[in-house]
Amino acid sequence: GPAGVVSAESLESYVKRRKRQLEDRLASVQAGREGREKHGRKSNKSGGLTNKEKRKTKAYSMIKHKTSVRAKQFRSMNDKMKAKTKHRKHLKLQRDSGRRR
């Protein structure tokens, strides 16, 4: 423009400009999604259980002689708490894995 004239856009704050750009980007994303089926995991798993799932239902009498199982009773309280915290965190991650923020 003419010399000495300040444009309205240059006066607009940086945050406001970024927000406007974000809104434009989101609008273009939404436009691109139209007419497309929702994507996600298709659960058409065939076959039986996984080895991990089988292990959970195994009788205790079958695994009580394993070293890993026997070592549990000698763990310190601190180790037990760490394991429990890790387990809770894993469960939370598992629960939230399908969710998007």
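## Lys58 and the model

Lys58 is partly exposed, with a relative accessibility of 44%; buried means under 20% relative accessible area, exposed over 50%, and partly exposed in between (1.4 Å probe, protein chains only). The place of Lys58 is the loop between α3 and α4, the latter being residues 60-63. Helices are DSSP runs of H or I with at least four residues, and they are numbered from the N terminus. From Lys58 to Val15 there are 43 residues in sequence, and their C-alpha atoms lie 58 Å apart in space.

The model is predicted: local features need pLDDT of at least 70, side-chain atom pairs count only at pLDDT 80 or more, and totals for chains, interfaces and linings use all residues. Residues are numbered from 1 along each chain as its sequence is written, and side-chain values use heavy atoms, with hydrogens and water left out.

## Confidence

The pLDDT is the predictor's confidence in each residue, from 0 to 100. The protein chain has an average pLDDT of 86, and 94% of its residues score at least 70. Among the elements of the chain, α6 has the highest mean pLDDT, 94, while helix α1 (residues 8-11) has the lowest, 76. Where pLDDT is low, the predicted coordinates should not be read in detail.

Ala3 sits in the segment before α1. The relative accessible area of Ala3 is 81%, so Ala3 is exposed. Ala3 and Lys54 are separated by 51 residues in sequence and by 78 Å in space, C-alpha to C-alpha.

Helix α2 covers residues 14-33, 20 residues in total. From the first C-alpha of α2 to the last is 29 Å, close to the 28 Å expected at 1.5 Å a residue; the expected span is 1.5 Å times one less than the number of residues. After α2 comes Gly35, which has a positive phi, near 75 degrees.

How many salt bridges does a search of the whole structure find? The search finds two. A salt bridge here is a side-chain nitrogen of Lys or Arg within 4 Å of a carboxyl oxygen of Asp or Glu. Side chains of opposite charge can pair when their charged atoms come close.

Asp96 and Lys92 are separated by about one helical turn, because they are four residues apart in helix α6. Asp96 is buried, at 14% relative accessible area, whereas Lys92 is partly exposed, at 46%. Asp96 also meets Arg95 in a salt bridge, 3.1 Å from N to O. Arg95 is exposed, with 53% relative accessibility. Through shared partners, the salt bridges join Lys92, Arg95 and Asp96 into one network.

## The second largest pocket

About 320 Å³ of space lies in the second largest pocket. Its lining consists of Lys52, Arg55, Lys56, His87, His90, Leu91 and Gln94. Two helices, α3 (51-57) and α6 (77-96), each supply at least two residues of this lining. The largest share, four residues, comes from α6.

A pocket is an open set of points on a 1 Å grid over the protein atoms alone, where a 1.4 Å probe fits, with protein on both sides within 12 Å along at least five of seven lines; lining residues have an atom within 4 Å of a point. The volume is the space filled by probe spheres set on the points.
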